[in-house]
Amino acid sequence: MRVLSVNTGTARPLRVGARNVLSAIGKTPVAGPVTVGRLGLHGDEQADPSVHGGLDKAVYAYPCEHLDFWRTQRRLHGASLFDDTLAPGFMGENLSLHGLLEQQLWIGDELHFPNCVLRVTAPREPCYKFNAVMGLSQAGRLMMEHACPGFYLSVVKPGRIEAGQRFTCVPGLRGLSVLDAFAAKRIKHLR
């Protein structure tokens, strides 16, 4: 398991239909080590702290294995004219990961990086901003149907993270899986 990219972004206007809303979903890769504090990555912002950020959602991680699915969906639904590769950070993730999927994780599992430790706290819930960025009005529904939300992390041990680092997953109590936690949110998003 390794970090493909570390991504940060600032809050800025996002066009959603006929209005502009503040969003920090646009993340871009950062070169070199990035400091990880209790509230997340240095240089990263969240626009709506009621659903992103804070101690329990300090860092958002996304498995790169899902990107082919999203690229195909964007092409099939006319959101992309070409078979474009999705850049690191496109999903709004701080950490683009390889080798660790949601079905392997439980709330409370820890990811041990060389210089810091992060704990799995919750799956991501899709929102209207995600639909807008994807260019698909049903992107949130697709995320629910295909169980590919990524996951939030709290910071257990602050430190630094950088692209290319390997990490390990240390099991927690294993009471609630990430996908079971995600499934509990299905009704709200599949209406």
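How do E7 and strand E11 (residues 151-157) pair, and over how many bridges? They pair in the antiparallel sense, over three bridges. Before the close-ups, a quick note: this is a predicted model, where local features need pLDDT of at least 70, side-chain atom pairs count only at pLDDT 80 or more, and totals for chains, interfaces and linings use all residues. Residues are numbered from 1 along each chain as its sequence is written, and side-chain values use heavy atoms, with hydrogens and water left out.

View 1. Strand E7 covers residues 59-63. Helices (H or I, at least four residues) and strands (E, at least two) are DSSP runs, numbered from the N terminus, and two strands pair if DSSP finds at least two bridges between them. On the E11 side, Val59 has Leu153 as its bridge partner. E7 also pairs with E8, this time in the parallel sense and over three bridges; here Ala61 stands opposite Leu95. Five of the five residues of E7 are buried, so the strand is largely enclosed by the rest of the structure. Buried means under 20% relative accessible area, exposed over 50%, and partly exposed in between (1.4 Å probe, protein chains only). In a regular strand the side chains alternate between the two faces of the sheet. Here, Val59, Ala61 and Pro63 point one way, while Tyr60 and Tyr62 point the other way.

**View 2. A three-stranded open sheet.** The strand order is E6-E5-E12, with antiparallel pairing. Strand E6 (40-41) and strand E12 (159-161) are the edge strands, each pairing on one side only. Three bridges join strand E5 (residues 34-37) to E12, and Val36 has Gly159 as its bridge partner there.

View 3. The structure holds six salt bridges, where a salt bridge is a side-chain nitrogen of Lys or Arg within 4 Å of a carboxyl oxygen of Asp or Glu. One of them joins Asp68 and Arg71, with the closest N and O atoms 2.8 Å apart. The two residues sit three apart in helix H1 (residues 67-76), so about one helical turn separates them. An α-helix has 3.6 residues a turn, so residues three or four places apart point the same way. Asp68 is partly exposed, at a relative accessible area of 45%.

**View 4. Asp109 meets Arg174.** This salt bridge has an N to O distance of 2.9 Å. The pair links distant parts of the chain, 65 residues apart: Asp109 is in the loop between strand E8 (95-98) and strand E9 (110-112), and Arg174 is in the loop between strand E13 (168-170) and helix H4 (178-183). Asp109 is buried, with a relative accessible area of 0%, whereas Arg174 is partly exposed at 33%. Arg174 also has a positive phi of about 60°, although it is not a glycine.

**View 5. Glu110 meets Arg119.** The closest N and O atoms of this salt bridge are 2.7 Å apart. Glu110 counts as buried at 16% relative accessibility, while Arg119, at 33%, counts as partly exposed.

**View 6. Helix H3 and the residue just after it.** Helix H3 spans residues 139-146, and its buried residues include Ala139, Gly140, Leu142, Met143 and Met144. Just after H3 comes Ala147, with a positive phi of about 50°, although Ala147 is not a glycine. Ala147 lies in the loop between H3 and E11 and counts as partly exposed, at 26% relative accessibility.
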